[in-house]
Amino acid sequence: MNKLEKHLLHSVVGEVEPNLAVRSRTRIDTGRWWWPTRSWLCVMPDELVMLTVSRRRYLERVPLSDCADTYYCHATGSLVIEPVEGLKCNRFKMAPLQALEVLKMVKPESGH
């Protein structure tokens with residue numbers, strides 16, 4: 001993460017470090033002239049934070065308990081955050097191994 005991204009994350013969650021931070025291939029319009037900015041997914045102890053920053057900021061927070069149906073779509077190569085409604089972006093393009101890491105933290109196995 002660059003300084004702006006770290007500053008935005010810490011302004012929202014405090015000095016808590018994410019359990020996992022993954023830079024997705026999904027690009028969100030944040031006011032750059034030539035191309036949108038790549039977004040980050042940060043798995044915090046109790047929530048998922050999605051952010052992008054450049055001239056404008058994109059930030060959304062979702063409790064992990066609301067991400068129970070999150071899955072990886074192999075056809076599109078995207079992690080789909082569900083069943084959360086109202087997200088500006090709920091699909092994040094990433095490699096299957098990155099998605100697996102996120103899924104392990106978002107949906108820990110029950111019964112352990």
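The largest nonpolar core of this predicted model holds 23 residues, and Ile 81 and Met 94 have the most contacts inside it. Such a core is a set of buried Ala, Val, Leu, Ile, Met, Phe, Trp, Tyr and Cys residues joined through side-chain atoms within 4.5 Å; buried means under 20% relative accessible area, exposed over 50%, partly exposed in between (1.4 Å probe, protein chains only).

Local features need pLDDT of at least 70 and side-chain atom pairs count only at pLDDT 80 or more, while totals for chains, interfaces and linings use all residues. Residues are numbered from 1 along each chain as its sequence is written, and side-chain values use heavy atoms, with hydrogens and water left out.

- Another core, of nine residues, lies apart from it and includes Leu 8, Val 13, Val 49 and Leu 51.
- Leaving aside neighbours within four places in sequence, Met 94 is in contact (heavy atoms within 4.5 Å) with Val 22, Ser 24, Arg 25, Leu 41, Tyr 72, Gly 77, Leu 79, Ala 99 and Val 102.

**Four-stranded sheet**

- Four strands in the order E1-E2-E3-E4 form an open sheet with antiparallel pairing; two strands pair if DSSP finds at least two bridges between them.
- E1 and E4 are at the edges with a single partner strand each, so one side of each has no neighbour in the sheet.
- On average, neighbouring strands of this sheet are turned by 20 degrees against each other, direction ignored; axes are lines fitted to C-alpha atoms, for helices over the stretch in contact, and angles run from 0 to 180 degrees between N-to-C directions.
- E1 and E2 run antiparallel and are joined by six bridges; Ile 28 stands opposite Thr 37 in E2.
- Helix H1 (residues 3-13) lies across E2, E3 and E4, at about 140 degrees to E3.
- H2 lies across E1 and E2, at about 125 degrees to E1.

**Three-stranded sheet**

- A further open sheet has three strands in the order E5-E6-E7, with antiparallel pairing.
- Its edge strands, E5 (71-73) and E7 (91-93), each pair on one side only.
- Neighbouring strands here are turned by 30 degrees on average, direction ignored.
- Three bridges join E5 to the antiparallel strand E6 (residues 78-80), and Cys 73 stands opposite Ser 78 in E6.
- H2 packs on this sheet too, touching E5 and E6, and its direction makes about 165 degrees with that of E5.

Technical notes:
Helices (H or I, at least four residues) and strands (E, at least two) are DSSP runs, numbered from the N terminus.
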